[in-house]
Amino acid sequence: MKILLVAPARDWLEAAVAVFKTELQFEVSIADNGIEAQKLISQFQFKLIFLNLDVQRHSGIEVLNFIKIKYHNVPIIFSTSQKDLITKDLLTKFKNYYILPPDGSLDDLLKLAVTMTMPNVVVQSKEKKPKKNTEVEGVMELDKNFTKIKIDEFFSGKEVLFDVLIRLTEGKYLKILHAGDSFCSERLNTYKVDKKVEYLYIKTEDRELYIRYYNTLLKNSSENKQIDPTIKIKLAQNVCDKYVEEVNIKGLKPHLVEQGKQIAQNIYKLIKKDKAVAKSLLTLKELRPQVHSHSFLVTLFSCLVARQFKWNSSSTIDTIGTACFFHDIGMTKLPPDLSTIYSSNMEGSQIKQYHRHVQLSVSLLPPNSMFGGTVDQIISQHHEAFDGSGFPRGVSGKYINVLSSIVSFVEGFVEYMSEKSLDPMQTTNELFKEVDFLKKHNPVVMRNFLKTLIDAKDISNTLQ
Ligand SMILES: [Fe+2]
Ligand SMILES: [Fe+2]
């Protein structure tokens, strides 16, 4: 694997070369200035480029423009100490990129490089025997440093980039899988069935890597018709849940915003490329309505509806998908109990507080919004109703952005589905008889939602 590292500091470059060569056996070229970088780029075909935009003698931006001409598909990792250099315009030039924060370590870069150059992954591939060590190792550390994952949501057969542990008791863990090793399904089953383990744990500091790892799996699975649609949906749910958890805790950092857009794109691809996924989505009994899953469900169904509009484009999907992820982020600033009550069961002061989440969500978006105004607008209107009975402003009909109308409809749909523990088809049957519900939503949006059901029926007939 041939990669290029471009950064102004020679000593940093040398340290990086040593690490990349030892840990990954990558073939590494380096450049400490823009001229040298461009020379190397024109001579070789790199699989990954790391570019610190602070380089000089041809600035980082000049090098980027040069890369864009030579090959814009190359995975690229940017870094810079000058925040303003990374603009929306710049990012739209590249399909596969990641921003390493200025305080990112060499270790972070190494992990990123592994994920970004990961070969295509087939989720249900023939499993390799676990490569290295299956030894377990005791770990004593505070519970708050770990993130739990349902064992059912863990996929076997692929090397992981993070340690995996099980919890014995408070502060005591057992490392059962080391970064770089893979679980074979028998071993995973032993923990699940024989040892009745319900949750696996990863270090919270590895959660971002976990999200990236699962997002890559999701991306690669979208075009693979061999993979069961239910598994694909679970994968998407998994990555969304952990992503929303990360954002709720760390806030909307620019690199997390970018990650969110990529997840939204992958979800859309999943629905668009594999119609069986759209079909099973509507009848799936296992869509677990949990607090974090709410954003996932709203994203998923909004993309499903948006896909029916003729004007849909990848930038619209980016916008609506991103808005859905963050539409309720303001709830994190309200008393935690409020997230556990359905709005239909709230009383006086609770309702008043709940209504504040819309403005809070908008205020939590990055100050130099990376989305333009549309995401803000979708979020600010996601509880407005077609008949003017919504909040916070009570606007109606054509004064509500159509993308907001989609989210508003899906919001109501998902809330009803979760509250009554129904599947999407049952929810549709019940809700479309409720006059009050129908009055509140844009008829075009609802018609397009129903079209997804008709499409799904067609697919179902073809499959039979
Ligand atoms: Fe919501
Ligand atoms: Fe909301």
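Two residues are in contact here if their C-beta atoms, placed from the backbone, lie within 7 Å. Helices (H or I, at least four residues) and strands (E, at least two) are DSSP runs, numbered from the N terminus. This is a predicted model, where local features need pLDDT of at least 70, side-chain atom pairs count only at pLDDT 80 or more, and totals for chains, interfaces and linings use all residues. Residues are numbered from 1 along each chain as its sequence is written.

**View 1. Helix α3 on the sheet.** Helix α3 lies across β1, β3 and β4 (76-79), and runs at about 160 degrees to β3. Axes are lines fitted to C-alpha atoms (for helices, over the stretch in contact), and angles run from 0 to 180 degrees between N-to-C directions.

**View 2. The open sheet.** Five strands line up as β2-β1-β3-β4-β5, with parallel pairing; two strands pair if DSSP finds at least two bridges between them. At the edges sit β2 (27-31) and β5 (97-99), each pairing on one side only. From one strand to the next, the twist averages 15 degrees.

**View 3. Strands β1 and β3.** Residues 2-6 (β1) and 48-52 (β3) pair in the parallel sense over 4 bridges. Look for valine 6, which stands opposite leucine 51 in β3. Helix α2 packs on the sheet too, touching β1 and β2, and its direction makes about 145 degrees with that of β2.

**View 4. Helix α2 against helix α3.** Here α2 (34-43) and α3 (60-70) pack at about 10 degrees, axes 9 Å apart. Residues making the contact include Ala37 and Ile41 of α2 and Val63 and Phe66 of α3.

Definitions and conventions
Chains lettered and ligands numbered in written order.
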